[in-house]
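Welcome! Please take a moment to look over the sequence and the 3D view, then try each exercise before reading its solution.

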Amino acid sequence: MIDWLSPEEWQAVALSLRVSLWATALSLPLGVLAAVALARWSFPGKTLLNGLVHLPLILPPVVTGYLLLLTFGRMGPVGGFLYDWFGITLAFRWTGAALAAAVMAFPLMVRAIRLSVEAVDPRLEQAAATLGASRPVVFATVTLPLILPGIIAGAVLAFAKAMGEFGATITFVSNIPGETQTIPSAIYAFLQVPGGDASAFRLVVISVVLAMGALILSEALSRRAARRVAGT
Amino acid sequence: MTLSIRLKHRFPDFALDVDLVAPAGLTCLFGRSGSGKTTVINAVAGLIRPDEAQITLGGQPLHDLPAHQRRVGYIFQDARLFPHMTVAQNLGYGARVRRRPMQGFDRIVGLLGIEGLLPRRPATLSGGERQRVAIGRALLSDPQLLLMDEPLAALDEARKAEILPHIEALRDQSGLPILYVSHSLSEVARLATTIAVLESGRLAAIGPAVDLLSDPFSAKILGGRDAGAILTARIEAQEPDGLTRLSTTAGPIWLPHVTAAVGAAVRIRIMAQDVILSLDRPLGLSALNVLPATVLALREGEGPGTLVQLDLAGQRLLARITRRSSSALGLAPGRQVFAIVKSVAVAQGDVVEGTISPQG
């Protein structure tokens with residue numbers, strides 16, 4: 001496989017996988033929290049949170065990328081803080097690519113998880129409370145296992161979206177081979193140079209295979225989890 | 001242990017204001033839907049927070065504890081078993097989350113007859129099986145109080161008959177106070193030690209089941225048509241022609257075969273409309289059960305009927321007759337009569353083992 005791909009192509013594939021895995025793993029706890037908050041809690045500013053979560057879905061990706069650059073760039077309010085206090089730079093680094101991918105994938109992840117939270121019967125959680133379970137224990141022993149299929153579906157969807165993210169990524173972290181050049185950016189770059197078609201095509205095939213693989217895996221996992229939850 | 005409940009809560013469309021004391025035994029909260037029964041029981045469980053609540057169990061306050069610290073065993077109408085756990089895991093849930101060893105697992109599982117279900121998932125159980133598992137799960141969470149919200153309402157007659165004996169056994173053997181919500185008078189008559197009647201958020205009547213069911217003046221709030229008193233009797237003999245002879249304080253009665261051992265105490269619900277009154281001991285009558293009685297009270301209904309409360313050597317019986325017959329017989333308190341009950345009129349489900357008071 002390594003022979004089959006040029007080092008540059010291989011680098012793009014490895015980077016994409018790394019970016020997407022980090023983006024998914026780090027945003028998952030936040031995604032569960034947001035989904036539970038939106039599905040169950042009532043608090044001031046709920047509409048605002050709902051809007052913020054869904055914003056990346058409807059904004060042009062390039063706008064999201066630019067807003068990320070303004071906020072998380074070295075000069076931005078958050079980016080400046082992170083650099084001054086922790087020495088962390090996000091703009092034009094692979095970590096920034098992960099952030100962009102996470103933000104873009106977040107609405108999809110939250111939607112999938114939220115649907116599964118809404119499907120959980122709160123009366124089961126009441127029953128658990130009468131049996132002696134405190135709220136965190138109810139969440140860990142009843143709610144979480146019941147929404148597991150939704151979490152898996154949300155995570156896989158987010159991973160697939162992160163693999164394909166292009167607009168926000170290229171605006172926020174540019175297209176630096178080995179640092180921020182993910183598969184879509186690499187395909188775009190190869191298409192800009194004469195004779196790059198073959199490389200672009202190989203990456204397209206890999207993209208399709210990875211996306212299909214993720215989808216099949218998620219189907220299998222969530223079907224297994226659903227069977228466990230339905231109790232048959 | 002007595003449970004004392006004082007609640008006030010304003011809903012948009014109605015107000016709940018209840019003050020009641022449930023003594024040991026099984027207390028039925030009885031009333032039509034919307035009368036506030038479930039609100040009361042949920043407030044006791046801590047699942048809702050009423051505007052004002054003072055709930056104590058054996059003198060200990062419950063109202064400031066969160067639901068998970070109240071140690072109530074709550075059995076819901078829909079069993080609410082956890083679908084992602086096996087029956088055994090459901091049963092062990094209470095002990096697991098409280099990090100306590102489970103007490104009496106084998107005994108309770110055996111009592112409820114659910115040994116064979118342990119490895120199964122709730123989705124594969126019948127309604128009656130699910131409800132038995134739910135009862136076991138509540139009992140195994142080491143409760144100090146049992147709450148039941150129409151646990152039989154979702155079941156058909158056969159399943160009800162499957163669960164009822166278990167609830168009776170809990171009432172007679174567990175020693176736990178039980179608060180039982182129901183709108184079925186036959187269930188109440190069969191199970192209750194004490195009856196509390198709720199009407200649009202207020203307590204309309206409360207008292208020992210024997211007294212309330214045989215009181216012609218509470219008959220209306222309990223649902224007049226189904227009025228019927230409870231008689232306790234002892235099984236004397238199973239006779240060869242299929243009848244069972246029972247002894248009551250007022251003399252022997254015969255009922256179609258009652259499945260219980262000789263010597264066992266049973267409670268029999270006799271519907272007021274199945275009782276005939278006569279001034280003289282009737283002769284040449286097909287009805288077998290003729291009991292001497294004294295009229296205690298009369299209550300005229302809105303229609304042509306009258307409810308007559310009778311004293312049977314210390315026990316109470318209700319008879320529904322027409323006002324015309326009542327005046328033809330010249331019925332008045334103190335009058336000696338004979339109460340006639342047709343054996344076959346007593347429904348099988350209205351004869352159950354057990355006594356009325358928790359003391360036996």
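Predicted model: local features only at pLDDT ≥ 70, side-chain atom pairs only at ≥ 80, totals over all residues.

Residues are numbered from 1 along each chain as its sequence is written, chains are lettered from A and ligands numbered from 1 in the order in which they are written, and side-chain values use heavy atoms, with hydrogens and water left out.

**Exercise 1. Describe the secondary structure and the extent of chain A.**

Step 1: Begin with the elements. Helices (H or I, at least four residues) and strands (E, at least two) are DSSP runs, numbered from the N terminus. Chain A has ten helices and zero strands, and its pattern along the sequence reads α-α-α-α-α-α-α-α-α-α.

Step 2: Turn to the extent. Along the principal axes, the C-alpha atoms of chain A fill a box of roughly 70 × 45 × 30 Å.

Step 3: Look at burial and contacts. Buried means under 20% relative accessible area, exposed over 50%, and partly exposed in between (1.4 Å probe, protein chains only). Chain A has 232 residues, of which 44% count as buried. A contact means heavy atoms within 4.5 Å. Among the contacts in chain A with a separation of 6 or more, 70% come from residues 24 or more positions apart.

**Exercise 2. Find the strand order of the open five-stranded sheet in chain B, and its edges.**

Step 1: Settle what pairing is: two strands pair if DSSP finds at least two bridges between them.

Step 2: Read off the order. The sheet runs E13-E12-E11-E14-E20 in chain B, with antiparallel pairing. Its edge strands are E13 (251-256) and E20 (351-353) of chain B, each pairing on one side only.

**Exercise 3. Which strands pair with E14(B), and is E14(B) enclosed or open?**

Step 1: Take one neighbour. Strand E11 (residues 228-238) of chain B pairs with E14(B) in the antiparallel sense over seven bridges. In this pairing, Ala229(B) has Ile270(B) of E14(B) as its bridge partner.

Step 2: Take the other neighbour. E14 (residues 265-271) of chain B is joined to E20(B) by three bridges, and these strands also run antiparallel. Opposite Val266(B) stands Glu353(B) in E20(B), and opposite Arg267(B) stands Val352(B).

Step 3: Sort the side chains. In a regular strand the side chains alternate between the two faces of the sheet. From E14(B), Ala265(B), Arg267(B), Arg269(B) and Met271(B) point one way, while Val266(B), Ile268(B) and Ile270(B) point the other way.

Step 4: Conclude. Seven of the seven residues of E14(B) are buried, so this strand is largely enclosed by the rest of the structure.

**Exercise 4. Describe the contact between chain B and chain A.**

Step 1: Count the residues: 24 come from chain B and 22 from chain A.

Step 2: Give the area. Buried area is the accessible area (1.4 Å probe) that two parts lose on being put together, summed over both. Here that area is about 1,900 Å², with carbon and sulfur atoms giving 65%. On the chain B side, His68(B), Arg80(B) and His84(B) lose the most area to chain A, together 30% of what that side buries.

Step 3: Look for a salt bridge (a side-chain nitrogen of Lys or Arg within 4 Å of a carboxyl oxygen of Asp or Glu). The count between the chains is one. Asp78(B) forms a salt bridge with Arg123(A), with the closest N and O atoms 3.0 Å apart.

Step 4: See which elements take part. Strand E6 (72-75), helix H2 (87-98) and helix H4 (127-139) of chain B each supply at least two residues of the side touching chain A.

**Exercise 5. Where is Arg80(B), and is this residue buried or exposed?**

Step 1: Locate Arg80(B) in the loop between E6 and H2 of chain B.

Step 2: Check the backbone. Its phi is near 55°, a positive value in a residue other than glycine.

Step 3: Check accessibility. Arg80(B) counts as buried because its relative accessibility is 14%.
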